[in-house]
Amino acid sequence: MNFRDNLLIAGAVVVTFAVFSPLIGIQSSTASNLAETNSACLECHSDYAENLKNTLHKVTPQAFGSKLPQVFCTDCHGEATKHLEEPSPENITNPAKSPIFDLVKNCASCHQSEHVREFSESNIHFRENIGCLNCHSIHQSKAEALLLRPSVPLCLSCHTQIKQKLANPSRHPVSDQKVKCIDCHQILKEPGQTFSLSGADQACFNCHQEFQGPFIYEHNASNDYSIEKGGCLSCHDPHGSANPRLLLQPEKQLCQQCHSIPKHRTAHGGVFASRNCGECHADVHGSYTDQDFFNDNLLAQNCFLAGCHYLDQ
Amino acid sequence: MLLNADVMAQETSTFESNIKLSYSLFEEEGKRTTTQDSYNLYSGFALGSLGFGANFNSGSSLNFASSNLNRGNRDLLLDFRRNNWLDFKLSHQESRFFFGDSQTDSKRKSSSGSLRVSPLKSLKLFLDYSNQKKEGERLGLSPATPGVLGSRYDQFLQKGQIGFQLNAKRSFMSYSFRILDFDSRLDEAFDRRSNRHQVSFSSSALKNILLSGQYLRDDAQLTESDLELNTDLYTLALMYRIWQGLSLTGKLFYQSTDNQATGLTSKTFKNAYNVVYEINRRIGLESGYEYERRKDANGRNNLNSFLIGARALPLDNLKLKANYARKERKDKDLTTLVGPYDSDNFLVNLNYKPIQKLVIDLKYQDRQKENEEILTSTDSKEFTSFASLVYNDKLSVDATFSMQDIEYQDTFGRFLNKTRNLLVNGALQPWKPLKLWSGVNFLDIGGDLDVRREDFNFGVEYTLPHDYSLEFKYDVFNYDDNLQAFDFYTLNVYTISFAKKFGGF
């Protein structure tokens, strides 16, 4: 990326900043109104005050009038005057009973993040009528992010078919608590994390960086941006597999799906017909030395001395 | 001001801490490589857990949690929060993997730190750093041959990110810049760096609309050869509620990747639309369409995807759902190796709550994929049943049974995988100081493989006076590959732990 490109990006950021700047810092309620209303809420709903005490949703006397991020009952439940006069459930907004669209908008009034942005991108949870409160318990939970339970069991309580994948001999270490679902299916993190639209490979490369290009000799099957539309998932099941290294099939058969090369069955008396392709074509994710992904170490086995095979340098 | 501070969360400082000491005894036989669950188990003495949490009357909190500090699978997390405007986290994690003959292992160490500061309600600043070290020995895929990938690897990955987010009127705009450095200490040809700029925005300011978009520029470079892989990515997404119950989502996506190694610029364009219609509280429908076009100097192809689905709530405690999706890729010039293909995906789901604390969930999924030009196909059928019972906070049991049959067919032959899996977990707390739990996992992989796994665990914890507690755990892992005579493994682990919690002030 040259200096001009960097300058263009920086310019775009400054322009966007300038557009958004006038919108900042507008508050609708005065501090005294807020204090009066919210303290009245907690007089009746005192159990909520106790539950929220150690969470980011706690309502504290110091919060009123603060310029720092704070949360009040009325932020989610809206105007409460009528409910204060006649405290029945009908006289107050209950986001839990709102349609998912309204619920998300309600939460998004504070929780502006990639999580919300992702939700607007044809999100499968939205299509399944699943909203914020299916995972988060606003008044009751004391867990991180107010989750109903730890994130992995929470995901698996609906995605039950994944449990069987994770029981396989080869799997990502989810049950070992070394990897969480949201490490790959990121929708919960801060800006800078991308997954939903830039391809599944990006999630893999967060840890398996050695397999990201550029390679001098690329293998299209491992590139999800190419016209082949390959990518890691062409060969691996990230949740778990009966085959080593999360492979969808035993290695030899996996390669044969796309590569039918009859000579391999007859050359050298057929000795290679039963061997795994990766024993010679070692760098299947991409090579720095050879277009057939041979590794230099094969030189030591004299494969390139007789004049039949060539190592492309 | 009518401020009744008594009913609000009065800030009083609290402090809690805990320590757990464990001793594990192993009975082990066979090849450890076969059983991933055993990789991060250690025998002998362990500082099982050590942690503390403090909530100060100023609104700050400090938490530290750690496990297995004296072992190679240690985990540490330190988190400091100051009201809602500052969050500082440090974490460290280690693990290991066994490859080949179980004598070789690979170690992973990951550390990260993050700082979030919100000096104003409308502004958030963030700074992240993480690194990951992978080091170890590696054997070839076939145990009898030397490793052609090299017998060792030693890699160090570092990522740093800085950015800000502006929030205003139910909208946000953010910018981040990430630097990545990958260092393969045994082979400089692998070393690479990348710089990434990302700008994104989202807005729910308009009444019936959620709007979002992003621009991302990533420049990856091999440091030795200067080859670059440059990516530009643009997205724009809209969720629009046309009227109550009917919503439309649409997204546009464009990515251009310029790979100097191949000399190709690959361009992908997608647009997708989904309509969700809640006819009433009991019935909902959805449908979707996505068009994707891929192009480079060698050719172009396109992919059409269709989705229809319905869900019903015939009873308040019974949910039914069915989806069908189809993809068709056209590649009339056969510019790709795998050529055109089509795939079908059918899913049906039933979720029933006969009583409040009992959930029964049944799923069936049928997936087919066929590459007509290269004569390969995939046929997958999967059934999963799940039941969960929670009784009075004293008893919880959940059971999952799944069956999966996958058949891959190509011109040389086929691979058939028939997997059956039963997972049962339960916990019982007959009275407050006593907790019991147990679980079983039966896995049977048939078809062209013949693998069996049986795992069992049992544990009991008794809380003594003054917040002391004693715990005993028994875990057994058993693995048998009936086609590979030497691939078997049995591990019995007996663990006794002693813990103490220290109360607050």
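## Around B:L449

In this predicted model, B:L449 touches A:A242, A:N243, B:F415, B:L416 and B:L483, leaving aside residues up to four places away in sequence. Contact means heavy atoms within 4.5 Å.

## Nonpolar cores

The largest nonpolar core has 14 residues. Such a core is a set of buried Ala, Val, Leu, Ile, Met, Phe, Trp, Tyr and Cys residues joined through side-chain atoms within 4.5 Å. Buried means under 20% relative accessible area (1.4 Å probe, protein chains only). B:I445, B:L449 and B:L491 touch the most other members. Four strands of chain B each give two or more residues: β21 (395-409), β23 (434-447), β25 (468-481) and β26 (488-502). Strands are DSSP runs of E, at least two residues; helices are runs of H or I, at least four. β26(B) gives the most, with 3 residues.

A second, separate core has 8 residues, including A:F101, A:V104, B:L210 and B:M239.

## Helix α6 of chain A

Helix α6(A) spans residues 100-108; 7 of its 9 residues are buried, so the rest of the structure largely encloses it. The buried ones are A:I100, A:F101, A:L103, A:V104, A:K105, A:N106 and A:A108.

## Confidence in chain A

pLDDT is the predictor's confidence in each residue, from 0 to 100. Chain A averages 75, and 72% of the residues score at least 70.

Where pLDDT is low, the predicted coordinates should not be read in detail.

## Conventions

Residues are numbered from 1 along each chain as its sequence is written, and chains are lettered from A and ligands numbered from 1 in the order in which they are written. Local features need pLDDT of at least 70, side-chain atom pairs count only at pLDDT 80 or more, and totals for chains, interfaces and linings use all residues, while side-chain values use heavy atoms, leaving out hydrogens and water.

Conventions: Buried < 20%, exposed > 50% of the residue type's maximum accessible area, 1.4 Å probe, protein only.
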